[in-house]
Amino acid sequence: MNLELSGEQTAARRLAADFVDREIAPHAARWDREESVDRAIVGRLGALGFLGLTIPEQYGGSAGDHLTYCLVLEELGRGDSAVRGIVSVSLGLVAKSIHHFGTEEQKRTWLTRLVAGEALGCFALTEPGTGSDAAQLRTRAVRDGSDWVLSGTKMFITNGTWAEVALVFARTGGEGHRGITAFLVPTDSPGFTAREIHGKLGLRGQATAELVLDGVRVPDSARLHAEGKGFTVAMAALAKGRMSVAAGCVGLAKACLDAAVGYATQREQFGKPIAAHQLVQELLADIALDVEAARLLVWRVADLVDRGEDFAVASSQAKLFASEAAVRAADRAVQVFGGYGYIDEFPVGKYLRDAKVMTLYEGTSQIQKLLIGRALTGVAAF
Ligand SMILES: Cc1cc2nc3c(=O)[nH]c(=O)nc-3n(C[C@H](O)[C@H](O)[C@H](O)COP(=O)(O)OP(=O)(O)OC[C@H]3O[C@@H](n4cnc5c(N)ncnc54)[C@H](O)[C@@H]3O)c2cc1C
């Protein structure tokens, strides 16, 4: 693995860092309080090429490798995890799936708009009754002539009230993962409703929704990949998606480090900056170590992807470590801030609230351990 960044990678990272410092970080606390990111940010993400990373230029994408993608997502994660999540889902889970599995017509209809930021995508796998065990999902798609009619409920869907297209996983055949098919469903279809979920612990600025599909009719041309191959689409998307969550976690942990170092060198107790107390330095050193270790795991996955090697287990490892590291980093940052870490005048409390979900979505920490354990032993313990 080459740890030296190319000129293009460095330029993309700098572009993202400047964008974060100017257009995201100054607003993140307000978006969190108001429970809504400014929607105009989507157009800006598109204009800067951040919604088209790794997608070929023929579809309007900004191309580039997966390390560049991770560098940008780290910066976005440093600015605001809610914004990073918009990109991880619309580009990472939806646009990349269309690019990989879609027909030319689907790419022309959706991919070009998604990468431009003219449309957003959401990824609708989880249901009220099925989270970790997604293969048991119950949303149904029934054939009616040349159409499919979809009915069911999806839960906790990121971008759910904002998206123009939903990548919906529905049961078209028998039980288990073989009976699932993926569909690209326009969210303005009759029978499709999205209800925003409020009261989240973190990621409050992000639109998370419950989706209800009540007899939603789509043509067969809306089917993504073959009938019965929906689970393959979902798992392929999540394998890379975990890398992007992990990259965002590195950024979040870095934001914790920056805030904690800044505060520790300013705040004085016992007649000197708290940074001069060894136990405070220990907190800072532990955060810094987590940032560096998580980043190396992320870069390793990106390198495997770019070289066409197997990356799924490395992606689970990176996601598991980086998400737990982000929670540890945020917890330690709050500790450095003392009581001031507990009020929203400072950002570290938000970091802690935002970090927790990283250990839950795109496969909980327990599920990542089971995936790693299965790869080690050949035995599925779930
Ligand atoms: C803010 C937010 C955004 C989200 N965005 C999306 C999205 O865009 N699209 C989407 O499809 N989903 C999304 N999700 C859903 C998310 O992926 C699920 O919440 C997650 O997969 C866990 O499912 P669950 O909540 O049903 O928990 P459950 O599966 O019920 O798990 C509950 C607990 O049991 C543990 N557990 C379950 N099975 C096992 C096992 N075999 N062994 C050991 N422990 C086990 C879990 O680790 C967890 O600790 C989002 C969730 C949140 C909170």
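**Exercise 1. Work out how the radius of gyration of the protein in this predicted model agrees with that of a compact globule.**

Step 1: Start from the chain length, which is 382 residues. Step 2: For that length, a compact globule would have a radius of gyration near 21 Å. Step 3: The protein has 21 Å, so the value agrees with the globule rule. Step 4: For the extents, look along the principal axes, where the C-alpha atoms fill a box of roughly 80 × 45 × 40 Å.

**Exercise 2. Describe the make-up of the protein, from helices and strands to burial and surface.**

Step 1: Look for the secondary structure: 11 helices and 10 strands are present. Step 2: Turn to burial, where 54% of the 382 residues count as buried. Step 3: Consider contacts with a separation of 6 or more; residues 24 or more positions apart account for 73% of them.

**Exercise 3. Find Thr359 and decide whether it is buried or exposed.**

Step 1: Go to the loop between α10 (348–356) and α11 (365–377), where Thr359 has its place. Step 2: Check its relative accessible area, which is 2%. Buried means under 20%, so Thr359 is buried. Step 4: Leave aside neighbours within four places in sequence, and Thr359 is in contact with Lys319, Ser323, Glu324, Val327, Thr364 and Ser365.

Key:
Residues numbered from 1 in each chain as written. Predicted model: local features only at pLDDT ≥ 70, side-chain atom pairs only at ≥ 80, totals over all residues. Heavy atoms only, no water. Helix = DSSP H or I, 4+ residues; strand = E, 2+ residues; numbered from the N terminus. Buried < 20%, exposed > 50% of the residue type's maximum accessible area, 1.4 Å probe, protein only. Contact = heavy atoms within 4.5 Å. Rg over C-alpha atoms; globule rule 2.2 N^0.38 Å. Areas by Shrake-Rupley, 256 points an atom, 1.4 Å probe, with all protein chains shown as cover.
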